[in-house]
Amino acid sequence: MKNINSKRVFKRNEKEPNTDGDYILYWMQINRRFQYNYALEYAVGWANKLGKPLLIYEGLSCDYPWASDRFHHFLMEGMEENLSYAKENNINYYSYLEDVPEAGNGLLYELADNACTVISDEYPVYIIREHNEKVGPTLEVPYITVDSNGIIPLGLTEKAPYNAYFFRKIMQRNFVECFTHPPKKESLDDLENRNTVSLSDNFLEKYPLADEKLKNRSSFISSLSINHTIGKIDLEGTRQAALGKLGQFIEYGLSKYDDHRNDPDINATSGLSPWLHFGKISEYEIVDAVLDHQPQGWSLDNITFNKGSTGGFFNGDPNVDGFLDEVITWREVGFHFAHHESNYDQYETLPDWALKTLEKHKDDPREYVYELEEFAQSQTHDEIWNAAQTQLREEGVMHNYLRMLWGKKVLEWTPNPEIALAYLIELNNRYAIDGRDPNSYSGIFWIFGRFDRAWQERPIYGKVRYMTSDSTRKKLKLNQYLEQYGSQKTMDI
Ligand SMILES: Cc1cc2nc3c(=O)[nH]c(=O)nc-3n(C[C@H](O)[C@H](O)[C@H](O)COP(=O)(O)OP(=O)(O)OC[C@H]3O[C@@H](n4cnc5c(N)ncnc54)[C@H](O)[C@@H]3O)c2cc1C
C-alpha cells in the first residue's frame, strides 16, 4: 500500500518472510468479513507477491472477558455465514471453536509455523490489542496488523486526540484523500493462487473444524462454561443482517436523523453499532451508501475544510451531514485515542481538569447509592434509568441519549467516581452487544469528562457535565419507551 493506506499498516516484528512456507495466513480477529477489508486485501497482496495461496483463520475462544451466550450466538451466526460463503467461493477458510478454556492456545502458532507471513487486524482495545502485542515478537515470520476500522487511518494521527473538535480538524483535512482510496468491495478478487490449502490430520485432530458446532449452535453453547444468564438477543450476527439494517435506515431513518436521533420513541438512528463492532460491515460502505443520499448535484467538490466545526464541511443534507459526523468523527475519535493511549481504560487518563474537579467533589454526600447488582437488575428509584437498563440487559442495546443519562446517574449514585467507572465498564461490556469496543470506552469516559469541556460546578459532578432524568423526560418523547421497558422486569443472574 503506497498511498495514504500505508498508514494502516503496522509491522509487529522485524522478521523476514519464510518463502518455503505453504501459505499466507490471515487471522480474522475483529473485521470478520470478506468485503471492504483492507487487512484481507493486504494479505492478498502478499500472497500474490510470493505466489502462495491464502489461508483465512477465524476462531472463537470460550474464555474471553465477559463471555456469554449473547456474544457467542452473535459471533457464531456470523461465522456460519462466513463458512458457507467460503465453501461457495472455494476460499481456504478454517474456523475453530474452543470448547474448553485454553484448548486453542497453541493453534495460531502451529498455523504460523507453516506460513510465510501472518497478517491480522489492527484494533486498539480489548484482547485483540493484547494478542497483537504478544504475538508479533514470538513468531518466526513477519506479523503485520492492518487497520480496517474506519476512514481515517490510525497511523495518520500523531497523538491521542483530546476532543472531537481536534480530531474533526484532522478528519476534515484528510477525508477526501482517505475516502477516495477505499478498500475493494470483494477483498479476495485479485487473489492469484487459488490452490487448496490442506491442514494435517494431526492438526485437525487437535483443533477440529467448527462446522458441526456451527450447525448445532445452541447445544454447543449450552455445553460451554460461559455466562448463560446473558441470553441470546433478537439481532442476528450476520453481514446479511447488517446490510438489511443499513438499507432500512437509509429508507426510513436517515431523513429524520437530524431532528429525531435523540428520541427513543422514533426509530431515527441506524442501530448499526453491533455489526460495526464485530466488523460485519465496514464504516466505508456505510459512509458511501449514505453519501449517495446527498441532494442531487452534490459531489466531493462541495466539501470545504471548516477548521473542525461540525457544520459547513459536507455542505449537503443536514441529516446526512449529522449522521456522518457521528459515524466518522465520534466513532473514530475513540479508536485514535485508544491507539495512542494504551491505558485507555484507566481512570488516570481522564483530562487533568476532570480529575481535579472529581477529586474535589469525591466526598460530597450522595442521596442515593447502589451496588453493582442493584444497577444490573434495574433496582434504582428512577423509572427512566431502570427502563434503559432493562432494555440493555434484555435486548443488549440502549439508545444513545439514554446511554448518556444512564452513565451520568451511575456517577451520581455510587460512592466515588472510580467505583462508578468500574461499574459502567462492567455493565456496558457485560450486556451491550456493541460493548468491548473503542466506543465503549469513549462513551463511558465521556461521562467523566473525556472529549468534553468544563461546565458550571455542581455537587458530586464538579465541573463535569450534568444530566437529569427530569429534563430528559421533558426533552424526549418517552411514552412508548417507558411502556415497553418501564415495569421492573428482572432476570436471574
Ligand atoms: C455511556 C456510553 C456507553 C457507550 N458504549 C458504547 C459501546 O459499547 N459501543 C458503541 O459502539 N458505542 C457506544 N456508545 C456510543 C453510542 O451510544 C453508540 O455508538 C450509538 O448509540 C449506537 O447506536 P446507532 O448505531 O443507532 O448509532 P447511530 O446514531 O446510527 O450512529 C451510527 C454509528 O456512529 C457511531 N456513533 C454514533 N454516536 C456515537 C457516539 N456518541 N460516540 C461514538 N460513536 C458514535 C456508532 O458507531 C454508530 O453505530 C456509548 C455511549 C455512552 C454515552
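Where does serine 198 lie? I found serine 198 in the loop between helix 5 (164-179) and helix 6 (201-206). Helices here are DSSP runs of H or I with at least four residues, strands are runs of E with at least two, and both are numbered from the N terminus. Serine 198 counts as exposed, at 64% relative accessibility. My cut-offs: buried is under 20% relative accessible area, exposed is over 50%, and partly exposed is in between (1.4 Å probe, protein chains only). I then took a distance from serine 198 to leucine 55: they are 143 residues apart in sequence and 9.6 Å apart in space, C-alpha to C-alpha.

Notes on the source. The model is predicted, local features need pLDDT of at least 70, side-chain atom pairs count only at pLDDT 80 or more, and totals for chains, interfaces and linings use all residues. Residues are numbered from 1 along each chain as its sequence is written, and side-chain values use heavy atoms, with hydrogens and water left out.

Entry: whole protein. I counted 21 helices and six strands. The radius of gyration is 23 Å, close to the 23 Å that the globule rule gives for 493 residues, so the protein is as compact as a globular protein of that length. That radius is taken over C-alpha atoms, and the rule is 2.2 Å times the number of residues to the power 0.38. Along the principal axes, the C-alpha atoms fill a box of roughly 65 × 55 × 40 Å. Of the 493 residues, 58% count as buried.

I looked at contacts next, meaning heavy atoms within 4.5 Å. Among contacts between residues at least 6 apart in sequence, 79% join residues at least 24 apart. The accessible surface comes to about 20,900 Å², and 45% of it belongs to carbon and sulfur atoms. Areas come from the Shrake-Rupley method with a 1.4 Å probe; for residues, only the protein chains shown count as cover.

Entry: helix 16. This helix covers residues 383-395. Its 13 residues should span 18 Å at 1.5 Å a residue, and the end C-alpha atoms are 18 Å apart, which agrees. The expected span is 1.5 Å times one less than the number of residues. Helix 16 is mostly covered, with 10 of its 13 residues buried. Among them are Trp385, Asn386, Gln389 and Arg393. What covers these buried residues? The cover includes helix 2 (69-88), helix 15 (372-376), helix 17, helix 18 (417-431), helix 20 (469-475) and helix 21 (479-485).

Entry: helix 17. I placed it at residues 400-412. From first C-alpha to last it reaches 19 Å, close to the 18 Å expected. Of its 13 residues, 11 are buried. The buried set includes Trp406, Lys408, Lys409 and Glu412.

Entry: helix 19. It runs over residues 438-447, and eight of its 10 residues are buried. Tyr441, Phe445 and Trp446 are among the buried ones. Their cover includes helix 13, helix 17 and helix 18.

Entry: histidine 336. I found it in helix 13 (residues 318-340). Is histidine 336 buried or exposed? It counts as buried, at 1% relative accessibility. Leaving aside neighbours within four places in sequence, histidine 336 is in contact with Ile152, Pro153, Leu154, Thr157, Ala160, Pro161 and Phe167. Aspartate 265 is 71 residues from histidine 336 along the chain, and their C-alpha atoms are separated by 32 Å.

Entry: leucine 50. This residue is in helix 1 (residues 38-50). Leucine 50 is partly exposed, with a relative accessible area of 24%. Not counting residues up to four places away in sequence, it touches Pro17, Thr19, Ile24 and Cys116. Leucine 50 and aspartate 345 are 295 residues apart in sequence and 40 Å apart in space, C-alpha to C-alpha.

Entry: positive phi. I noted glutamate 102, a residue other than glycine with phi near 75°. Glutamate 102 lies in the loop between strand 4 (93-97) and helix 3 (107-113). At 53% relative accessibility it counts as exposed. Lysine 307 has a positive phi of about 50°, although it is not a glycine. I placed lysine 307 in the loop between helix 12 (283-291) and helix 13. Lysine 307 is exposed, with a relative accessible area of 58%.
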